[in-house]
Amino acid sequence: MIVAKRKPIEQIEAMLDGFQRILVVGCGTCVAVCMAGGEKEVELLAAELRMKAKLANRRQTIDEITITRQCDKEYLDQLAKHMGQYDAVLSTGCGAGVQFLAERYDDKIVLPALNTLFIGVAEGPGAWSQRCTACADCLLDQTGGICPMTICAKNLLNGPCGGTNHGKCEVDGQKDCAWTLIYRRLEKLGRLDLLKKVQPPKDYSVATKPGRFTHEAFQQAEQQE
Ligand code: SF4
Ligand code: SF4
(Lines give C-alpha, C1' and ligand atoms only; values in the text may rest on other atoms or scores of the structure.)
(Ligands and ions follow the chains in the order given, each with its own letter.)
Protein backbone atom coordinates (compact mmCIF):
# COMPACT_ATOMS: atom_id res chain seq x y z
CA MET A 1 0.00 0.00 0.00
CA ILE A 2 0.99 3.63 -0.39
CA VAL A 3 1.85 5.26 2.91
CA ALA A 4 1.39 9.01 3.42
CA LYS A 5 1.39 11.54 6.20
CA ARG A 6 -0.59 14.75 6.55
CA LYS A 7 1.28 18.03 6.05
CA PRO A 8 1.44 20.35 9.06
CA ILE A 9 -1.79 22.31 9.46
CA GLU A 10 0.07 25.64 9.14
CA GLN A 11 1.32 24.59 5.70
CA ILE A 12 -2.18 23.57 4.61
CA GLU A 13 -3.63 26.83 5.93
CA ALA A 14 -1.03 28.82 3.98
CA MET A 15 -1.90 26.92 0.76
CA LEU A 16 -5.57 27.79 1.21
CA ASP A 17 -4.92 31.47 1.83
CA GLY A 18 -7.00 33.58 -0.54
CA PHE A 19 -9.51 30.86 -1.43
CA GLN A 20 -13.08 31.22 -0.17
CA ARG A 21 -14.87 28.03 -1.13
CA ILE A 22 -12.83 24.93 -0.52
CA LEU A 23 -13.70 21.28 -0.98
CA VAL A 24 -11.59 18.80 0.98
CA VAL A 25 -11.58 15.50 -0.94
CA GLY A 26 -10.63 12.31 0.87
CA CYS A 27 -9.55 8.99 -0.57
CA GLY A 28 -10.95 5.79 0.91
CA THR A 29 -8.15 3.38 0.08
CA CYS A 30 -4.40 3.42 0.99
CA VAL A 31 -4.41 6.77 2.78
CA ALA A 32 -7.48 5.71 4.77
CA VAL A 33 -5.66 2.59 5.97
CA CYS A 34 -2.63 4.62 7.07
CA MET A 35 -4.95 7.11 8.78
CA ALA A 36 -3.79 10.10 6.75
CA GLY A 37 -6.55 10.93 4.27
CA GLY A 38 -9.66 8.76 4.64
CA GLU A 39 -13.17 9.84 5.58
CA LYS A 40 -12.41 10.28 9.28
CA GLU A 41 -9.21 12.27 8.69
CA VAL A 42 -11.01 14.49 6.16
CA GLU A 43 -13.76 15.25 8.67
CA LEU A 44 -11.17 16.19 11.29
CA LEU A 45 -9.11 18.26 8.87
CA ALA A 46 -12.13 20.16 7.54
CA ALA A 47 -13.34 20.84 11.10
CA GLU A 48 -9.89 22.11 12.12
CA LEU A 49 -9.67 24.36 9.05
CA ARG A 50 -13.16 25.76 9.71
CA MET A 51 -12.20 26.51 13.29
CA LYS A 52 -8.96 28.20 12.25
CA ALA A 53 -10.79 30.27 9.63
CA LYS A 54 -13.32 31.38 12.25
CA LEU A 55 -10.64 32.31 14.76
CA ALA A 56 -8.79 34.30 12.12
CA ASN A 57 -11.99 35.99 10.91
CA ARG A 58 -11.48 34.53 7.44
CA ARG A 59 -14.55 34.16 5.26
CA GLN A 60 -14.02 30.59 4.08
CA THR A 61 -16.49 27.82 3.40
CA ILE A 62 -14.94 24.42 3.81
CA ASP A 63 -16.87 21.32 2.80
CA GLU A 64 -15.74 17.73 2.64
CA ILE A 65 -16.35 14.57 0.67
CA THR A 66 -14.55 11.22 0.48
CA ILE A 67 -14.50 9.03 -2.61
CA THR A 68 -13.42 5.41 -2.86
CA ARG A 69 -10.19 6.11 -4.79
CA GLN A 70 -8.67 9.25 -6.31
CA CYS A 71 -6.50 7.21 -8.69
CA ASP A 72 -9.52 5.93 -10.63
CA LYS A 73 -11.51 8.02 -13.16
CA GLU A 74 -14.73 6.23 -12.31
CA TYR A 75 -14.65 7.62 -8.77
CA LEU A 76 -13.30 11.05 -9.75
CA ASP A 77 -16.32 11.48 -12.03
CA GLN A 78 -18.55 11.39 -8.94
CA LEU A 79 -17.16 14.81 -7.98
CA ALA A 80 -18.33 16.51 -11.17
CA LYS A 81 -21.64 17.72 -9.73
CA HIS A 82 -19.85 19.41 -6.81
CA MET A 83 -16.88 21.04 -8.49
CA GLY A 84 -18.60 24.16 -9.81
CA GLN A 85 -19.24 25.39 -6.26
CA TYR A 86 -15.58 25.60 -5.22
CA ASP A 87 -12.57 27.69 -6.13
CA ALA A 88 -10.03 25.27 -4.63
CA VAL A 89 -9.85 21.57 -3.88
CA LEU A 90 -7.71 20.18 -1.09
CA SER A 91 -6.92 16.54 -1.77
CA THR A 92 -5.97 14.07 0.93
CA GLY A 93 -5.02 11.49 -1.69
CA CYS A 94 -1.45 10.40 -2.32
CA GLY A 95 0.54 12.30 -4.96
CA ALA A 96 -0.98 10.13 -7.69
CA GLY A 97 -4.50 10.97 -6.51
CA VAL A 98 -3.77 14.70 -6.35
CA GLN A 99 -2.39 14.70 -9.90
CA PHE A 100 -5.21 12.60 -11.33
CA LEU A 101 -7.78 14.85 -9.67
CA ALA A 102 -6.04 17.96 -11.07
CA GLU A 103 -5.93 16.34 -14.53
CA ARG A 104 -9.63 15.42 -14.45
CA TYR A 105 -10.67 18.91 -13.28
CA ASP A 106 -7.99 20.98 -14.95
CA ASP A 107 -9.81 24.29 -14.44
CA LYS A 108 -9.57 23.88 -10.64
CA ILE A 109 -6.75 24.58 -8.24
CA VAL A 110 -5.98 21.22 -6.61
CA LEU A 111 -3.73 21.26 -3.56
CA PRO A 112 -2.02 18.40 -1.70
CA ALA A 113 -2.80 17.96 1.99
CA LEU A 114 -0.42 14.99 2.39
CA ASN A 115 3.19 14.09 1.87
CA THR A 116 3.41 10.71 0.15
CA LEU A 117 6.07 8.60 1.83
CA PHE A 118 6.49 5.14 0.28
CA ILE A 119 5.10 1.76 -0.79
CA GLY A 120 5.06 -0.22 2.40
CA VAL A 121 3.45 -2.62 4.82
CA ALA A 122 1.67 -2.34 8.16
CA GLU A 123 4.10 -3.60 10.78
CA GLY A 124 1.69 -3.16 13.66
CA PRO A 125 -0.97 -0.72 14.87
CA GLY A 126 -0.12 2.73 13.49
CA ALA A 127 3.31 1.71 12.16
CA TRP A 128 4.31 1.22 8.53
CA SER A 129 7.62 0.64 6.81
CA GLN A 130 8.86 0.72 3.26
CA ARG A 131 9.35 -2.50 1.30
CA CYS A 132 9.54 -1.59 -2.39
CA THR A 133 10.77 1.33 -4.50
CA ALA A 134 8.94 0.13 -7.66
CA CYS A 135 12.11 -0.39 -9.71
CA ALA A 136 10.23 -2.36 -12.41
CA ASP A 137 12.83 -5.16 -12.42
CA CYS A 138 12.20 -7.22 -9.30
CA LEU A 139 15.05 -9.37 -8.00
CA LEU A 140 13.49 -10.71 -4.82
CA ASP A 141 13.95 -14.26 -6.18
CA GLN A 142 17.71 -13.74 -5.82
CA THR A 143 17.73 -12.16 -2.39
CA GLY A 144 15.50 -14.33 -0.25
CA GLY A 145 12.57 -11.93 -0.57
CA ILE A 146 14.42 -8.95 0.95
CA CYS A 147 14.86 -5.95 -1.32
CA PRO A 148 18.35 -4.44 -1.43
CA MET A 149 17.03 -1.58 -3.58
CA THR A 150 14.83 -0.56 -0.68
CA ILE A 151 16.35 -1.86 2.53
CA CYS A 152 20.01 -1.08 1.75
CA ALA A 153 20.77 2.64 2.06
CA LYS A 154 23.18 2.40 -0.90
CA ASN A 155 21.05 0.10 -3.10
CA LEU A 156 23.90 -2.42 -3.23
CA LEU A 157 23.12 -5.52 -5.25
CA ASN A 158 26.13 -7.75 -4.52
CA GLY A 159 26.68 -7.95 -0.81
CA PRO A 160 27.37 -5.44 1.92
CA CYS A 161 29.50 -2.34 1.86
CA GLY A 162 32.59 -2.03 4.06
CA GLY A 163 30.64 -0.15 6.70
CA THR A 164 28.33 -2.95 7.81
CA ASN A 165 28.81 -3.25 11.55
CA HIS A 166 27.73 -6.32 13.53
CA GLY A 167 24.61 -6.61 11.43
CA LYS A 168 23.75 -2.90 11.54
CA CYS A 169 23.85 -0.36 8.74
CA GLU A 170 26.58 2.28 8.78
CA VAL A 171 24.19 4.89 7.41
CA ASP A 172 21.64 4.34 10.18
CA GLY A 173 22.92 2.38 13.15
CA GLN A 174 19.36 1.68 14.32
CA LYS A 175 18.61 -0.26 11.18
CA ASP A 176 19.68 -3.80 10.28
CA CYS A 177 22.08 -4.10 7.36
CA ALA A 178 20.05 -5.33 4.39
CA TRP A 179 22.79 -7.75 3.39
CA THR A 180 22.99 -9.33 6.83
CA LEU A 181 19.24 -9.87 6.62
CA ILE A 182 19.59 -11.31 3.13
CA TYR A 183 22.42 -13.62 4.22
CA ARG A 184 20.44 -14.90 7.19
CA ARG A 185 17.29 -15.45 5.14
CA LEU A 186 19.17 -17.30 2.38
CA GLU A 187 20.96 -19.38 5.00
CA LYS A 188 17.61 -20.34 6.52
CA LEU A 189 16.27 -21.24 3.10
CA GLY A 190 19.38 -23.30 2.25
CA ARG A 191 20.05 -20.97 -0.72
CA LEU A 192 23.40 -19.39 0.14
CA ASP A 193 24.50 -20.49 -3.34
CA LEU A 194 22.60 -17.46 -4.66
CA LEU A 195 25.20 -15.18 -3.10
CA LYS A 196 27.84 -16.54 -5.47
CA LYS A 197 25.91 -15.19 -8.43
CA VAL A 198 26.98 -11.70 -9.47
CA GLN A 199 23.98 -9.47 -10.01
CA PRO A 200 24.32 -7.33 -13.12
CA PRO A 201 23.90 -3.57 -12.75
CA LYS A 202 20.27 -2.54 -12.51
CA ASP A 203 18.64 -1.83 -15.83
CA TYR A 204 17.20 1.58 -15.08
CA SER A 205 15.91 1.90 -18.64
CA VAL A 206 12.95 -0.35 -17.74
CA ALA A 207 11.79 2.15 -15.16
CA THR A 208 11.58 5.30 -17.25
CA LYS A 209 9.37 7.99 -15.84
CA PRO A 210 6.49 8.37 -15.85
CA GLY A 211 5.86 4.61 -15.72
CA ARG A 212 3.07 3.29 -17.89
CA PHE A 213 1.49 -0.14 -18.12
CA THR A 214 -1.48 -1.51 -20.01
CA HIS A 215 -2.62 -5.05 -19.27
CA GLU A 216 -2.34 -7.20 -22.40
CA ALA A 217 -6.09 -7.88 -22.30
CA PHE A 218 -6.63 -4.16 -22.94
CA GLN A 219 -3.76 -3.42 -25.31
CA GLN A 220 -5.70 -4.14 -28.50
CA ALA A 221 -8.56 -1.87 -27.49
CA GLU A 222 -6.05 0.88 -26.66
CA GLN A 223 -4.39 0.57 -30.08
CA GLN A 224 -7.75 0.89 -31.84
CA GLU A 225 -8.54 4.16 -30.04
S1 SF4 B 1 13.60 -5.32 -6.49
FE2 SF4 B 1 12.84 -4.22 -4.74
S3 SF4 B 1 12.26 -2.20 -5.54
FE4 SF4 B 1 12.43 -3.56 -7.26
S5 SF4 B 1 10.32 -4.31 -7.57
FE6 SF4 B 1 11.41 -5.81 -6.29
S7 SF4 B 1 10.91 -5.24 -4.20
FE8 SF4 B 1 10.43 -3.46 -5.50
S1 SF4 C 1 25.67 -1.27 5.92
FE2 SF4 C 1 24.39 -2.73 4.77
S3 SF4 C 1 22.39 -1.73 4.48
FE4 SF4 C 1 23.86 -0.14 5.13
S5 SF4 C 1 24.60 0.75 3.22
FE6 SF4 C 1 26.06 -0.87 3.78
S7 SF4 C 1 25.30 -2.72 2.74
FE8 SF4 C 1 23.65 -1.23 2.68
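On a 1 Å grid over the protein atoms alone, a pocket is an open set of points where a 1.4 Å probe fits, with protein on both sides within 12 Å along at least five of seven lines, and its lining residues have an atom within 4 Å of a point. A volume is the space filled by probe spheres set on the points, which are joined across faces, edges and corners.

This is a predicted model, in which local features need pLDDT of at least 70, side-chain atom pairs count only at pLDDT 80 or more, and totals for linings use all residues. Residues are numbered from 1 along each chain as its sequence is written.

The largest pocket holds about 390 Å³ of space. It is lined by 13 residues, and those closest to its centre are Thr 133, Ala 134, Ala 207, Thr 208 and Lys 209.

The second largest pocket holds about 320 Å³. Among its 20 lining residues, Arg 131, Cys 132, Ile 146, Cys 147 and Ile 151 lie nearest the centre.

Ligand 1 takes the space of the second largest pocket, since more than half of its atoms lie within 2 Å of the grid points. Residues near ligand 1 (a heavy atom within 4 Å) include Cys 132, Cys 135, Cys 138 and Cys 147.

The table sorts residues by class: Ala, Val, Leu, Ile, Met, Phe, Trp, Tyr, Cys and Pro are nonpolar, Asp, Glu, Lys and Arg charged, and the others, Gly among them, polar.

| Group | Residues by class |
|---|---|
| Lining of the largest pocket | 7 nonpolar, 3 polar, 3 charged |
| Lining of the second largest pocket | 11 nonpolar, 4 polar, 5 charged |
| Shell around ligand 1 | 8 nonpolar, 2 polar, no charged |

How values were computed: Chains are lettered from A and ligands numbered from 1 in the order in which they are written. Side-chain values use heavy atoms; hydrogens and water are left out.
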